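Reader: I am new to this structure. Please pick one part and take me through it closely.

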Amino acid sequence: MSVNFINTLSQPLKSTIQFIAHQEKATGLSTSRFIQDTATCLVPKATFSRSKADFAENAFLELTQGAVIYFLPAILGDKLLKKLFSKNLSKEAKNLISVSAQKLLEQKNQFNSKVIPQKAAVALCAMIIPIATFALNYIKNLFTLNVFKTGDFNNIANLENVKEDKKIHDKVRKGAYVGIGASCLAYAGCLGASLLIAKKGSSSKLLNNVSELILAPGTKLFKNNEKRKDFFNKYFSLDFASENGKLALSHGQLTSCAMIGMLGYFGAAADRGKQNFLEVLFRVPLVCFYVITGGEMFENGFKKLLKKMGKCKEMIDEKLHTPRVDEIEQHAKNLLKKTGQDLNEDKVKQLCKKLSLQKAIISGVPYIFGIGVMGFFVAGISNLFTRYRHNEETKNFKMKSQFNCAFNSSNKTFKDFQCEIKN
């Protein structure tokens, strides 16, 4: 889009369009997803933080996990692993490392038997990313324990102010060491499998099939079902995304990070007590679903609704595709040509403004939904539910204690006591 045109927009619209343009230019899912994830997860948690420890551990976890998930793939995959595992390939085969496995398999490339195992080795080495998201949950527990001397979730969530129990500290610390140790063992397995496939994959039919399953499960399992094939390739492939010859975070890798990371959330929360586990059980699956695919599903549903209502029709085609920000100016010219209008500068600018507003609505509403509903609403409700459950549990415990005290101090039988209660 013309820079001069962007500068003619009102400031709110100008900022929105520039933000959308930045997202669309980002490599893979890194920058846009990091911003979205931080806005959806960290900002609401920080807003509803219940103590200094609660704020600090959420900031630590969300920022470190975000950095690992959204920036490490491009650095690790493109700068290190691609070069390492393509070192012994021919020049022609080496260039195919950055091509998606699905495309290579569909084209039946002559170098597949050499390239596919190396790509699978790269993908397995990159499993350090989702495994790290798992371990970070336990590191977060150690962080809070060592910095704030707090292991009891009731104190972290400011549900009550009780003296810290050494037994809880020992349980949290032991659970963290076990979780981190399990992460190391899991990655050692991935690393061993990676080296085996890299070395023997080209000469072993079994390892070649395993490599194809890792990189393109949909193509391998559902050759005659396009819908299932595309779904599994998109959300369960461990292959990197390929953009402009560079490796970047893919949807499949994001799914693995969310699912494996979720197990870490559950395990680390269980170590700190029932209320922490129940809070995570309510919040994390919803947020993970939204991070993986919920935002995209909502955006497509929103586009369908706008199309049905006859809104933003200049920007949404039959396949629900919308032009990128840098395509809007040319799109405006094409629309003017179709209606037989002159392509003078004023008309192009006027139509570009209209299309930019539509673009802001199409992209902005789902984004605001993610922050408002999946972020603030879910974070706020989960906090309220935690306090409600704790209060109910405390009330029931007091009633039970009073009942036991009254019964134990009485000389009556249990049956007599029950009769008095009924009366």
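Author: Take helix H11, residues 205–215, in this predicted model. Its buried residues are Leu-207, Asn-208, Ser-211, Glu-212, Ile-214 and Leu-215. They span an arc of only 160° around the axis, which puts them on the same side of H11. The spacing follows a general rule. An α-helix has 3.6 residues a turn, so residues three or four places apart point the same way. Now turn to the other face of H11. Away from the buried side sit Lys-205 and Leu-206, both exposed.

What covers the buried residues of H11? The cover includes helix H6 (101–107) and helix H7 (112–125). It also includes helix H10 (166–200), helix H12 (217–221) and helix H13 (226–236).

Step back for the setting. The protein has 18 helices and two strands. Of its 423 residues, 47% count as buried. Its C-alpha atoms fill a box of roughly 100 × 60 × 45 Å along the principal axes. Take the contacts between residues at least 6 apart in sequence: 67% of them join residues at least 24 apart.

Helix H8 (residues 128–148) packs with helix H14 (residues 251–270) at an angle of about 20°, and their axes are 7 Å apart. Angles under 35 degrees count as roughly parallel, so H8 and H14 are roughly parallel to each other. Their crossing is right-handed. On the H8 side, the residues in contact include Ile-129, Phe-134 and Tyr-138. On the H14 side, they include Cys-257, Ile-260 and Leu-263. The residues of this contact divide into ten nonpolar, seven polar and no charged.

Note on methods:
Residues are numbered from 1 along each chain as its sequence is written. This is a predicted model: local features need pLDDT of at least 70, side-chain atom pairs count only at pLDDT 80 or more; totals for chains, interfaces and linings use all residues. Side-chain values use heavy atoms; hydrogens and water are left out. Axes are lines fitted to C-alpha atoms, for helices over the stretch in contact, and angles run from 0 to 180 degrees between N-to-C directions. Helices (H or I, at least four residues) and strands (E, at least two) are DSSP runs, numbered from the N terminus. Angles under 35 degrees count as roughly parallel, over 145 as roughly antiparallel, 65 to 115 as roughly perpendicular and the rest as oblique. A crossing is left-handed if the near helix is turned anticlockwise from the far one by less than a right angle, and right-handed if clockwise. Contact means heavy atoms within 4.5 Å. Ala, Val, Leu, Ile, Met, Phe, Trp, Tyr, Cys and Pro count as nonpolar, Asp, Glu, Lys and Arg as charged, and the others, Gly among them, as polar. Buried means under 20% relative accessible area, exposed over 50%, partly exposed in between (1.4 Å probe, protein chains only). The arc is that of the directions from the helix axis to the C-beta atoms.
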